[in-house]
Amino acid sequence: MESDAMTPDDLLNPVLGLVERDGDAALAGLDDLIRLYPDDARLPFLQGSVLAGLERYAEARTAMQKAVDIEPGFAIARFQLAFLVLTSGDAAGARAIWTPLLDLPAEHPLKLFVDGLEAMLTDRFGDAISLIEAGIERNRDLPPLNRNMAILIQEMRDRLGVPQDEDANDVESGAHFLLKQSSFKGTRH
C-alpha cells in the first residue's frame, strides 16, 4: 500500500473516464484507489463530486471534507465543500469553510465566487451577480464550475425579475441539485 503517493495517471485516468458515463462504476474505482492512495486528496474530492451528481449529498459532504482534511490548501475542494454546506442551508458553516479562500488574490476566480456568495447572503444580488460573472470570466481551469455559477446567476436574476439570458437555456449542470436545494431559502442570516 502506497499511503503517501499520488495516484498514478495510468490508474486514475480510467476512473476519470467513468465519471460522466457511469457514476456507480466510478465510485467503485475511486473506493479502490482511495484504499491504495489514502493521502491523495484528489480522490475523495472526485468521489464527492460523483456523489453530489448522484444526489447523495450527505456522502458528498463527507468525501469533500476528507479531501480538505487531507489537503487544507486544496482550494477547489474547499470551495465545493462550502457550496454544498451553503446549499444545505448552513450559511455560517459555509463561511467558516471558505474563510481561507478570502486570502486568495482579489482577481482569483474562487475569491470572486466567494465574494459573490457573500453578497448573495446579504441580499445584494446585483453585487453578487457582478462578482460571480467576474469569476466566470477569469475561470479558465474549471468549466463545470462556470456552468454551476451561471445557473446561480440566473436564479438571482429570476428572483430580481430580470429577463433570462438567451444563453441561459443552454446552461445545464450535474450540480443543478445544489440550486434546487437552496432555492434561496434561508440565505438571509
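1. Start with a definition: a residue is buried under 20% relative accessible area, exposed over 50%, and partly exposed in between (1.4 Å probe, protein chains only). At 26% relative accessibility, Asp123 therefore counts as partly exposed.

2. This is a predicted model, in which local features need pLDDT of at least 70, side-chain atom pairs count only at pLDDT 80 or more, and totals for chains, interfaces and linings use all residues. Residues are numbered from 1 along each chain as its sequence is written, and side-chain values use heavy atoms, with hydrogens and water left out.

3. Confidence comes next. The pLDDT is the predictor's confidence in each residue, from 0 to 100. Its mean over the protein chain is 85. Of the residues, 84% reach 70 or more. Residues 166–189 have pLDDT below 50. Beyond near neighbours in sequence, that stretch still has 45 contacts in the model (heavy atoms within 4.5 Å). Where pLDDT is low, the predicted coordinates should not be read in detail.

4. Now look at two loop residues. Asp123 sits in the loop between H7 and helix H8 (125–138). Helices here are DSSP runs (H or I, at least four residues), numbered from the N terminus. Phi of Asp123 is near 60°, a positive value in a residue other than glycine. Glu55 also has phi near 60°, again positive and again not in a glycine. Its place is the loop between helix H3 (42–53) and helix H4 (57–70). Glu55 has 46% relative accessibility, so it counts as partly exposed.

5. Is Gln80 buried or exposed? Its relative accessibility is 16%, so Gln80 counts as buried. Find Gln80 in helix H5 (residues 75–87). Leaving aside residues up to four places away in sequence, Gln80 touches Phe45, Met64 and Leu145.

6. Then check a helix pair. Helix H6 (residues 91–98) packs with helix H7 (residues 109–121) at an angle of about 155°. Their axes are 12 Å apart. Because of that angle, H6 is roughly antiparallel to H7 (over 145 degrees). Axes are lines fitted to C-alpha atoms, for helices over the stretch in contact, and angles run from 0 to 180 degrees between N-to-C directions.

7. Which residues meet where H6 and H7 touch? From H6 come Ala91, Arg95 and Trp98. From H7 come Val114, Leu117, Glu118 and Leu121. By class, this contact has 5 nonpolar, no polar and 2 charged residues. Ala, Val, Leu, Ile, Met, Phe, Trp, Tyr, Cys and Pro count as nonpolar, Asp, Glu, Lys and Arg as charged, and the others, Gly among them, as polar.

Definitions and conventions
Angles under 35 degrees count as roughly parallel, over 145 as roughly antiparallel, 65 to 115 as roughly perpendicular and the rest as oblique.
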